[in-house]
Amino acid sequence: MTTAPARARSRWRHAPDAHERSPNDGRGRGGGGAARALAWLALLGLVAVGATIAVGAAAGPSPVVTPSSRAGFPAWFAGPLAALAPGALGKTAFWLLVFAMSALYLVVLALLDRLGARAVLGTIVVLHAIFALAPPLLSTDAFGYLAGARAFVLAGASPYAPLRDTLAGDAVLPLLVWSTRPNPYGPLFTAATLPLASTGIAGGLWLLKAATAASSLGLVAVVAATARRRGRDPVFAAVFVGLNPVVLAWVVGGAHNDTLLMLLVVGALSLVLARRELAGGAVAAAAVAVKASVGLVVPILVLGAGRRRRALVGAVLGLAAAGAVAFAVLGSSLAEFPPALADQAALHSPNSVLHVVGKALGLPGATPAIRAGGAVTLALALLVVYARTARGADPVAAAGWASVATLLTTSWLMPWYVIWVLPLAALSPGRALRAVSLALCAFVVGMRASLE
């Protein structure tokens with residue numbers, strides 16, 4: 001006898017959608033000539049604009065490059081594209097190029113059926129390579145990863161202590177913005193970065209850039225494969241994530257670990273949907289050990305599993321294994337991770353929706369009352385999402401909406417956080433989550449542009 005949740009899960013697995021089409025649907029063979037020409041111009045334009053940003057960033061210090069460039073702009077920092085750069089990219093030019101890239105991305109999405117799959121997927125790879133070769137863009141987080149590793153390996157200190165206290169005199173310190181704050185990254189990720197301490201700052205930076213591009217392409221591949229299994233267009237799903245300008249410029253360009261994070265999250269959901277709940281739970285636990293913020297998604301993965309007990313066991317065993325590995329590597333310094341996480345949670349920035357709400361109400365920004373309201377809103381939203389998932393709602397869409405709720409209610413919103421939503425939106429039935437994720441992209445880019 002089929003249970004109600006099972007019937008519901010059967011419904012969402014076969015929900016009709018505009019992008020549920022066979023991979024061999026004749027993409028690129030038909031359509032009007034003008035529309036096809038426009039689609040190809042938009043695709044080529046994405047490469048040209050992306051290359052202009054990356055090459056211009058390599059020319060010298062500018063608002064495009066992480067604030068670390070103020071400490072100097074040696075050849076190792078500029079990267080291999082410096083020889084091609086005619087001049088540094090100014091602030092206005094950069095934002096115009098970002099807006100142009102965003103418009104071209106939307107055109108490609110709208111006219112994707114006029115393009116060949118190989119050309120589109122090849123463009124994803126090319127643009128990832130271009131931004132991987134650019135100097136670190138728009139964030140100093142990559143140097144934060146290196147600093148935590150150097151603090152532990154070279155200074156013999158906890159990677160979760162304030163870096164200015166443990167790395168006095170270290171060459172990485174001038175490259176940091178948050179040198180007075182502790183490392184907020186999960187213990188499994190922190191342990192994995194320790195070998196970078198022996199590669200030097202230059203070697204560590206470019207290894208991080210290469211690893212970010214590789215994990216981003218891995219995420220695109222997993223999204224496409226999962227879309228195919230769910231009866232959706234894998235090329236559209238790949239393009240939705242892989243050609244997104246925020247992913248390319250901020251996430252890949254800035255060498256953020258969020259690509260690895262979402263590779264694990266999407267991989268975990270894909271395993272659960274394939275009835276491999278034990279492995280899915282374990283992979284989800286690894287994601288939490290990389291960045292604790294995705295812990296809110298784990299209940300969705302368990303509640304949405306066909307065999308919930310196996311998913312829960314997998315998550316518990318995965319957390320135990322990750323904790324054991326982290327303790328074996330980091331030792332007693334692991335106890336300093338929770339306070340470091342609390343320090344991160346207390347931060348607030350003018351990029352956040354809560355800050356905008358506070359300003360609209362005539363307040364200085366995200367006041368304690370506004371932030372408390374955000375926390376209550378998030379808790380209520382999560383209760384609704386969890387309840388719907390328990391009744392058989394699509395766990396991928398549920399995870400996407402939980403991520404949206406998190407981004408809307410956090411007081412610390414950075415542009416690269418939108419990658420927490422994009423791959424889930426690409427895999428979700430219906431268009432609402434995709435529309436909201438694109439709106440979030442527009443919001444974070446617009447806010448950053450207005451603050452420059």
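This is a predicted model: local features need pLDDT of at least 70, side-chain atom pairs count only at pLDDT 80 or more; totals for chains, interfaces and linings use all residues.

Student: At what angle do helix 9 and helix 10 cross?

Tutor: Roughly 150°, and the axes of helix 9 (residues 200-229) and helix 10 (residues 234-242) come within 8 Å. Helices here are DSSP runs of H or I, at least four residues, numbered from the N terminus. Axes are lines fitted to C-alpha atoms over the stretch in contact, and angles run from 0 to 180 degrees between N-to-C directions.

Student: So which way does helix 9 run relative to helix 10?

Tutor: Helix 9 is roughly antiparallel to helix 10; that term is for angles over 145 degrees, while under 35 counts as roughly parallel.

Student: Which residues of helix 9 and helix 10 make the contact?

Tutor: Helix 9 brings Leu219, Val220, Val223, Ala224, Ala227 and Arg228, and helix 10 brings Pro234, Ala237, Ala238, Val241 and Gly242. Contact means heavy atoms within 4.5 Å.

Student: What comes after helix 9?

Tutor: Gly231 follows helix 9, and its phi is positive, near 75°.

Student: How does helix 4 pack with helix 10?

Tutor: Helix 4 (residues 91-110) packs on helix 10 at about 175°, with the axes 10 Å apart. Those two are therefore roughly antiparallel as well. Tyr105, Val108 and Leu109 of helix 4 meet Phe236, Val239 and Phe240 of helix 10.

Student: Switching topic, how many aromatic pairs are there?

Tutor: A search of the whole structure gives 14. Rings of Phe, Tyr and Trp (its six-membered ring) pair if their centres lie within 6.5 Å; planes under 30 degrees apart are stacked, over 60 edge-to-face and the rest tilted. Trp95 and Phe99 have ring centres 6.3 Å apart and planes at 35°, so that pair is tilted. Both lie in helix 4, four residues apart, about one turn of the helix.

Student: And are helix 2 and helix 5 parallel or antiparallel?

Tutor: Helix 2 (residues 33-57) and helix 5 (residues 117-133) pack at about 10°, axes 9 Å apart. That makes helix 2 roughly parallel to helix 5. Among the residues that meet are Trp40 and Leu43 in helix 2 and Ile130 and Phe131 in helix 5.

Definitions and conventions: Residues are numbered from 1 along each chain as its sequence is written. Side-chain values use heavy atoms; hydrogens and water are left out. Angles under 35 degrees count as roughly parallel, over 145 as roughly antiparallel, 65 to 115 as roughly perpendicular and the rest as oblique.
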